[in-house]
Amino acid sequence: QVQLVESGGGLVQPGGSLRLSCAASGGTSNIAAMGWFRQAPGKEREFVASITSTDGRTTYADSVKGRFAISRGDAKNAVWLQMNSLKPEDTAIYYCNASVIYSDILSEDYWGQGTQVTVSS
């Protein structure tokens with residue numbers, strides 16, 4: 001079992017910045033990648049960014065490229081999302097995700113409880 005705890009959400013004006021944090025505990029040695037997803041009211045949950053545990057390879061949704069940056073700690077059990085040039089359409093609940101590989105045939109995704117990000121003037 002992996003537990004994920006997010007922090008850092010809040011209210012920010014358009015053009016502002018926020019930094020989200022996610023701390024993982026439990027079976028962190030099997031985490032293959034960590035990332036962030038978001039869900040706006042009335043919309044499906046969507047991918048935002050991810051980073052692999054082995055080589056730190058990052059992937060971003062087109063909508064956040066050039067504005068958001070994901071990074072991870074040396075112990076690979078923490079991940080951050082630096083969000084710059086925020087837009088009202090970035091308003092959503094942001095969820096931390098950990099992809100855990102237990103074996104060749106067994107993997108599982110874990111989720112945090114979510115943190116609210118509101119971009120509004």
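**Arg38 and its partners**

Reply: A salt bridge joins the side chains of Glu46 and Arg38, with 2.6 Å from N to O; the term denotes a side-chain nitrogen of Lys or Arg within 4 Å of a carboxyl oxygen of Asp or Glu. The model is predicted, so that local features need pLDDT of at least 70 and side-chain atom pairs count only at pLDDT 80 or more, whereas totals for chains, interfaces and linings use all residues. Residues are numbered from 1 along each chain as its sequence is written, and side-chain values use heavy atoms, with hydrogens and water left out.

The two partners differ in burial, where buried means under 20% relative accessible area, exposed over 50%, and partly exposed in between (1.4 Å probe, protein chains only). Glu46 is partly exposed because its relative accessible area is 37%, while Arg38, at 5%, is buried.

Arg38 also forms a salt bridge with Asp90, in which the closest N and O atoms lie 2.9 Å apart. This pair links distant parts of the chain: Arg38 belongs to strand β4 and Asp90 to the loop between β8 and β9, 52 residues apart. Strands here are DSSP runs of E with at least two residues, helices are runs of H or I with at least four, and both are numbered from the N terminus. Arg38 and Asp90 are both buried. Through shared partners, salt bridges join Arg38, Glu46, Arg67 and Asp90 into one network.

The structure holds four salt bridges. One of them joins Lys65 to Asp62, with closest N and O atoms 3.1 Å apart; Asp62 counts as exposed because its relative accessibility is 65%.

The loop between β8 and β9 also contains Pro88, which is partly exposed at 46% relative accessibility. Leaving aside neighbours within four places in sequence, Pro88 is in contact (heavy atoms within 4.5 Å) with Pro14 and Val119. The C-alpha atoms of Pro88 and Gly15 are 9.1 Å apart, although 73 residues separate the two in sequence.

β8 is also part of an open sheet of four strands, ordered β1-β3-β8-β7 with antiparallel pairing; two strands pair if DSSP finds at least two bridges between them. Its edge strands, β1 and β7, each pair on one side only. Five bridges join the antiparallel strands β7 and β8, and Ala69 has Gln82 in β8 as its bridge partner.

The largest nonpolar core has 30 residues, among which Leu4, Met34, Trp36, Leu81, Met83 and Tyr94 touch the most other members.

Overall, the protein has zero helices and 11 strands. Its radius of gyration is 14 Å, close to the 14 Å of the globule rule for 121 residues, so the protein is as compact as a globular protein of that length. The radius is taken over C-alpha atoms, and the rule is 2.2 Å times the number of residues to the power 0.38. Buried residues make up 39% of the 121 residues.

How values were computed
A nonpolar core is a set of buried Ala, Val, Leu, Ile, Met, Phe, Trp, Tyr and Cys residues joined through side-chain atoms within 4.5 Å.
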